[in-house]
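The following explanation leads from a single residue to the chain as a whole. Please keep the sequence and the structure in view while reading.

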Amino acid sequence: MGEALMAFDRRPTTAAAPAASMSRSFRQLGSDVLTLMELQAELLQLDVREWVHSFIRPLAALLAAGIILLATAPVALFSFGYLLEAKTDLPLWGAMMIAAGTGLALASLSAGIGIWLLKRDRRILDRFSTELRKNVHWLKETLRTTPDDVPR
């Protein structure tokens with residue numbers, strides 16, 4: 001009778017053990033995922049803060065340059081047109097057209113350089129993206145792994 005009682009006592013504990021182990025594993029996985037999410041959020045904040053700090057000064061300088069350029073460009077282009085008219089045999093309208101074309105060419109060149117610089121600096125959130133990819137890969141591998149595959 002003692003053996004039957006021991007067998008009866010063991011059965012519920014062995015059946016409960018995998019459920020408890022699975023519950024503990026899910027809690028641990030949930031805790032790990034939440035920790036990863038917190039770390040990703042902190043890394044995103046850090047990357048955005050660094051990007052903003054590195055972006056404010058150049059933006060202020062470019063804004064000042066743009067305002068000055070807008071104020072002086074018409075004067076410079078008119079002066080260039082009158083200079084062409086005075087030094088060449090071109091009529092005034094022809095000299096002004098050349099000056100306007102020169103202004104458009106400079107604006108196009110400036111816009112092209114600006115677009116190239118924006119495309120070149122796409123590494124704004126590199127650390128965040130790399131770590132997010134690694135964390136998602138880790139989570140997928142963890143969820144794919146069966147308990148039998150895990151070394152004890």
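Does asparagine 135 count as buried or exposed, and at what relative accessibility? The model is a predicted one, in which local features need pLDDT of at least 70 and side-chain atom pairs count only at pLDDT 80 or more, whereas totals for chains, interfaces and linings use all residues. Residues are numbered from 1 along each chain as its sequence is written, and side-chain values use heavy atoms, leaving out hydrogens and water.

Asparagine 135 counts as buried because its relative accessibility is 15%; buried means under 20% relative accessible area, exposed over 50%, and partly exposed in between (1.4 Å probe, protein chains only). The residue belongs to helix 3, residues 126–144; helices are DSSP runs of H or I with at least four residues, strands are runs of E with at least two, and both are numbered from the N terminus. Beyond its neighbours within four places in sequence, asparagine 135 is in contact with Leu36 and Gln40, contact meaning heavy atoms within 4.5 Å. Its side chain also makes a polar contact of 2.6 Å with the side chain of glutamine 40 (a pair of N or O atoms within 3.5 Å; within protein, one must be able to donate a hydrogen and the other to accept it, and residues adjacent in sequence count only if both atoms are side-chain atoms).

Leucine 44 lies in helix 1, residues 2–87, and is partly exposed, with a relative accessible area of 32%.

For the protein chain overall, three helices and zero strands are present, in the order α-α-α from the N terminus. Of its 152 residues, 9% count as buried. Among contacts between residues at least 6 apart in sequence, 62% join residues at least 24 apart.
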